[in-house]
Amino acid sequence: MKTVEEIKSAIEAAVPEAAVEIAPNPNPALPHSLRIAPECALAVAKFLRDDAELKLDYLSNVTGVDWPESLEAVYHLYSVEKKHGPVVIRMHTVNRTDQVELPSLTPVWRSAEFQEREIFDLYGIVFTGHPDLRRLLMWEGFKDHPMRRDYVEPDDFEYEPTAHDEVLKRTQTHQAMVTSEPITSSKGSEGGA
Amino acid sequence: MSQTPFFENLDQIFVLLQHWLVSFLPTSWQPAAGVLLSVAAIVCLFPALFALTTVFERKGLARIQNRLGPNRVGPFGIFQPIADAIKSLTKEDIVPLSADAAVHFLAPLLLVITVFMGFAVLPMGRNMVLVDLDAGLLFYFAMGASSELAVFMAGWSSRNKYSLLGAMRAVAQMISYEVPLLLSSVAVVMITGSLSLTKIVEAQNQYTWGLPHWYIFTPWGFAGFVMYAIATTAETNRSPFDLPEGESELVAGYHTEYSGFKFALFFLGEYVAMFSISGLGTTLFLGGWSAPLSFLTWIPSWIWFFSKLMLSIFVFIWMRGTLPRLRQDQLMNFAWKFVLPMCLVNLLVAALWRFMGDGWLRWVFCSAILIAAYAGMGLGEMRRQRLGPRSYRYAE
Amino acid sequence: MSEMQSHSAILADKPESWNRPAVMEPEGEGELMEVAMGPHHPSTHGVFRMDVALDGERVMRLRPVFGYLHRNHEKIAEGQSYLASMPYTDRLDYICPITNNWAYALAVEKLAGQEVPERAEYLRVILGELTRFQNHASSIGFLTQEMGAMGTPLMYAFREREKILDLFEELTGARMMVNYMRFGGCRVDASPGWLERTRKVVAGLAGFVDEFDRLLSTNEILMARTQGVGVLKAELAVNAGVTGPMLRASGVNYDIRKVDGYGIYNRFNFRVPLGDHGDVYDRYMIRMLEMRESIGILQQALREIPAGPVMSPTAKLRGFRPKRGEAYGRIEAPKGELGFYLISNGGPNPYRYRVRPPSLINLTVLEDMCLGVNVADVVLIFGSVDIVLGEVDR
Amino acid sequence: MLGEGILKGMAETAKNFFGSYFSAERLTTVEYPEQRIAPYEAARVFPFLVFDGSDWEAGMRCVACQICEKECPPKCIFIEKSKDKKPDALGKQQFYPARFDIDISVCMSCQICVEVCPFEAIKMDTEYELSTDNRFGGLLLDRRQLAKSNQYYHQIHPAEADGVDARLAAEKAKADAKTKITAEAKTAAIAGEGA
């Protein structure tokens, strides 16, 4: 199995226009990953899958990560034929608000189909070229993306007898909205439930 | 026939009882009253048997699956059907808004009525037959065939996709299996030379060396019985042919939209159909009410009839506990490409049997034809569909 | 849709049939019948829906709909400490909680560079293989249940599962929600009596597999229903990320126990059965054969288990803060590759916590396998994938 | 091939049918309300608070450190720390929980509170018949309902409780030795001062 640096040079040799950089992982648990510019991602992915030496034919895991300045999609690749891996590739969006498009890798690895839908659903990354980009876990018509760190939970009040900290605060704001009578501690709300 | 009068009376107890009761009435009323009494007896007896069978079925299935089964209502759970009856009577009777209410209401009634009509010609013991029709078998099949209408009415009127799919499956299946059902019975008619069910039983009620002359103990009778049993299972929508109700596919098939008492009627109809069709099978192939060994003839005939009936019910339950179900197209293929040809071969064999006369040669010859046909067709079909056990390799 | 065109241009030199399921055309005139199978359909476990378009009884289109059991497990885990997510992993694939524990513990141990004592590794293998055994047995039971076998095989499977769950309860205190593994070992040690009882149970398991074999393997109806149904080609299976017995039934030799040799699997002698047809029958048989291999592994592990501690002395329970960085830990769970992807920013909570659910990803090819088959086979194919909705929806 | 697979299966179910009447191995059902299985020693249902001695309030081991409240995955524990301090079993002045509630409708029996508790104050109960007709109040246990004696703990988890007692005794001995040393040092210091 090639090292990450060798893979990088192999990609650059095969796909000259590709912009690939190594994103270091401070932890020895997983090799450094390859950050790929979205424009050439499809070509790089195809190279990784079809290259006779790499043969990364199996895309195991696709996931989103919410960084403070951008959204990221992470792909974990293995080879079933050569039994090596993992190679981690990642892609960044430009920002977290309006430029959240990334190319879909579903045309190269079918296993990305549901996982990219899930990322679209939970993180709001729009995968261009995905054959069927709909929400996966949340329902159609749901607003917002729950896995983002700035996601605000809706005010769906649920009685909890041991409300404390955040839950108590939420309970109180909800009660303030619904009734004029605020509750002070958790025991006080027992009658209202 | 060395029967003591006591056992003879016991054998005829129901007949005597009926005569005694009717004798209080004027002579001109007597035939009608006699019939009414018998009808009442049948209409009471089989639902009771149905109630018992449901609890036996649940317990039997439970034991097959290493469970205890219902054991909470009464000793050994024997009163479970009463609790079930109360439950289904008190449940809300839901009719879907878009359903055709009249047809939706009539379907379970029609099913139950047609199913009970079949009992009119079944001899349930010596001299115990409601109407001894000369063409009893024909009447029976005519009645059996009309139950398909009820099933289709139920599926169609419910306006539910699962009901409709279930009804379509049920009708296709029941019509397909009607053919082998009839053809396997025809062999019996050919040998006996009569359509009267009483005559068919009489023909089997003879003994050689203490062994009975039941048709199942002949090559053609055995093959006919197997084909009849397969067709019966399909006709009554029992596992492994329970596609019309296939729970994992069609929720509950044609009675998806029935609840409460109407659902109970469907349930009743199905079980009573099972009794009646096993009763017919008993009559045709298992010697009806005749005893299995000549020295057992002192036991009343109706006991033999009902024992054989319950035995076949047990086999139904046993199969239900073991077998997965077939698919619709496989079921149809099986009917038309295997059971039907086998029935035709069996007709041929029955004819041979009749004309070859006594002797061991006809046993060998008839059995050989049947076994060859069975194995040839079965293996051919398995090979054509590429079915069979497989071997597996291991990676290092 | 210029974006789409550029994609197809890039892929033009190698047309891939596995990119999308084929589009089915109905025969003759007439409309398609849209049937929603689920979420209240008896075969869909109550929390799954398949929107099926039927031409007669033939499936023309199939859309799985998820999310009925979604509780955002990942978000919950990102809001609490590493340890507090351990009991939640029990509830992913609730048929095999031990392997979920194991995969999560493995990922965190990689992240923290934590060693695991020998005896704990053996206990993990023993419990993991017991879990695999009972999962395969009950999944075959569910499959035959959906084939209409009145639950008899399922009940036999549950009879054996009961014995295994009793062992789990005795050791961990709970039958299903075991919460057994910790980062750097296992929570409690097994007593000699427990090991002895486990040996006794394992000795009886082979007889149970034989019973299953007699009951089902040569049954003509089962063969007719499953052979040639729901065929999955090896290329598509690999490309779609299908793992576990389903992948091996398609003839692909990929078992993470062999490939990664995580834990101490390198020490055990076992074989990987492979199917040649990739149909439902192969999936069934691969599970049967894997059960037999599991018994072999169990016997070896129970013979060789050493004495010693079950928790590494360096393991930390309170104030556990792994190093910065990311880790991906994966194991061969009974249903396929179960992976946990963790990003740590050095804090007490994971920055990113991701579960790679085998059940969800194995369903990617559901439509491909179901197109053109009878509606009764949809249920069967769905059953042969062997999913648990707790893991699909998370 | 020709139906013998079906017959083999039928034979197998027949064996189970009759076997279930004779073999306890096959018929594993326990008829619950009449028959009960004794819970395993490791069994865990919901947590309870251990107290020493006979007075539940005085003997409560919990010092309201709130670690379990923080670590509880479903956040079902609610603790209010007392304003004052009381002497604990070792005679040290400690806070005590003015309120300690566990909502067992939320609790998922994971035992993490038990593992993280440094004071051996919270343990798992084996009592499982806890259904009540009061959905909210009945499933919210306060510290009075949660308090169970150390004898009870010994009764349900004998081996575990012995270990805990030994550990506590060792700690106490250490603490005693320490106080003795400090006391000696103190007296020595006083003596030194005097001299």
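This is a predicted model: local features need pLDDT of at least 70, side-chain atom pairs count only at pLDDT 80 or more; totals for chains, interfaces and linings use all residues.

Trainee: OK. How many helices and strands are there in chain C?

Mentor: Chain C has 16 helices and 9 strands.

Trainee: What box do its C-alpha atoms fill?

Mentor: Roughly 70 × 55 × 40 Å, along the principal axes.

Trainee: And how much of chain C counts as buried?

Mentor: 60% of its 394 residues. Look at the contacts too. Among those in chain C with a separation of 6 or more, 72% are between residues 24 or more positions apart.

Trainee: Switching topic. How many residues do chain A and chain C put into their contact?

Mentor: Chain A puts in 35 residues and chain C puts in 40. On the chain A side, helix 2 (41-50), strand 3 (58-66) and helix 3 (112-122) each supply at least two residues.

Trainee: Which of them gives the most?

Mentor: Strand 3 of chain A, with 6 residues. By class, the side of chain A that touches chain C has 20 nonpolar, 10 polar and 5 charged residues.

Trainee: What's the mean pLDDT of chain A?

Mentor: It is 80, and 85% of the residues of chain A reach 70 or more. Watch residues 185-193 of chain A, though. The pLDDT there is below 50. In the model, that stretch has 16 contacts beyond near neighbours in sequence.

Trainee: Now the core. Which residues have the most contacts inside the largest nonpolar one?

Mentor: Ala107(C), Val378(C) and Leu49(D). That core has 294 residues. Helix 7 of chain B, residues 161-192, gives the most to it, with 13 residues.

Trainee: What does Ala107(C) touch, leaving out residues up to four places away in sequence?

Mentor: Ala327(C), Tyr328(C), Gly329(C), Phe340(C) and Leu342(C).

Trainee: Last one. Where is Glu29(C) found?

Mentor: In the loop between helix 1 (2-10) and strand 1 (33-37) of chain C.

Trainee: Is Glu29(C) buried or exposed?

Mentor: Exposed. Glu29(C) has 5 other C-beta atoms within 10 Å, and a residue counts as exposed at 12 or fewer.

Trainee: How are Glu29(C) and Asp55(C) placed?

Mentor: They are 26 residues apart along the chain, and their C-alpha atoms are separated by 9.9 Å.

Note on methods. Residues are numbered from 1 along each chain as its sequence is written. Chains are lettered from A and ligands numbered from 1 in the order in which they are written. Helices (H or I, at least four residues) and strands (E, at least two) are DSSP runs, numbered from the N terminus. A residue is buried if 20 or more other C-beta atoms lie within 10 Å of its own, exposed if 12 or fewer, and partly exposed in between; C-beta atoms are placed from the backbone. Two residues are in contact if their C-beta atoms, placed from the backbone, lie within 7 Å. Ala, Val, Leu, Ile, Met, Phe, Trp, Tyr, Cys and Pro count as nonpolar, Asp, Glu, Lys and Arg as charged, and the others, Gly among them, as polar. pLDDT is the predictor's confidence in each residue, from 0 to 100. A nonpolar core is a set of buried Ala, Val, Leu, Ile, Met, Phe, Trp, Tyr and Cys residues joined through C-beta atoms within 7 Å.
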